[in-house]
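Here are my notes after a pass through this one.

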Amino acid sequence: MAGNVSKMKVGIPKEIGSGDRRVAVIPESVKQIKAAGHEVLLEADAGVGACIANAAYQEAGATLVPNTADLWSQSEIVLKIQPPIQNPTLGRHEVELLT
């Protein structure tokens, strides 16, 4: 790990905006984040809309998290494309899931 940078848990959630098929990070980016000394948590199927399989992320070093709420609560930083919004499935705003 370079310098005195602390290891962080970086969470990559599935985008839930209407019709949004994008994902904030591709497998190559996972490798770069891991090389910087951080852990990458990926919500299962986050890349499916962008035609990127869970296996590609796992091969790059990401840990799959099957539960949305767990991904948010386990992450120290979250990388998203869209700003946090109300999660209709959980009935909570994504920001509330960080705690």
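1. Let's start with Ser75, which sits in the loop between helix 3 (68-74) and strand 4 (77-78). Helices here are DSSP runs of H or I with at least four residues, strands are E runs of at least two, and both are numbered from the N terminus. Ser75 is buried, at a relative accessible area of 8%. The cut-offs are under 20% for buried, over 50% for exposed and partly exposed in between, with a 1.4 Å probe and protein chains only.

2. Before going on, the ground rules. This is a predicted model, in which local features need pLDDT of at least 70 and side-chain atom pairs count only at pLDDT 80 or more, while totals for chains, interfaces and linings use all residues. Residues are numbered from 1 along each chain as its sequence is written, and side-chain values use heavy atoms, with hydrogens and water left out.

3. What does Ser75 touch, leaving aside residues up to four places away in sequence? Its partners are Lys9, Val10, Gly11 and Leu41, where contact means heavy atoms within 4.5 Å. Also, a polar atom of the Ser75 side chain lies 2.6 Å from the backbone oxygen of Leu71.

4. With 36% relative accessibility, Asp45 counts as partly exposed. Cys51 is in that loop too, with phi near 65°, again positive in a residue other than glycine. Cys51 counts as exposed, at 67%.

5. Next, Glu28 in helix 1 (residues 27-35). Glu28 is partly exposed, with a relative accessible area of 44%. Glu28 and Ile16 are 12 residues apart in sequence, and their C-alpha atoms are 23 Å apart in space.

6. Zooming out, the protein chain has 3 helices and 6 strands, running β-α-β-α-β-α-β-β-β from the N terminus. Its radius of gyration is 13 Å, close to the 13 Å that the globule rule gives for 99 residues, so the chain is as compact as a globular protein of that length. That radius is taken over C-alpha atoms, and the rule is 2.2 Å times the number of residues to the power 0.38. The C-alpha trace spans about 40 × 30 × 20 Å along its principal axes.

7. Finally, 33% of the 99 residues count as buried. Of the contacts with a separation of 6 or more, 67% come from residues 24 or more positions apart.

Notes. A polar contact is a pair of N or O atoms within 3.5 Å; within protein, one must be able to donate a hydrogen and the other to accept it, and residues adjacent in sequence count only if both atoms are side-chain atoms.
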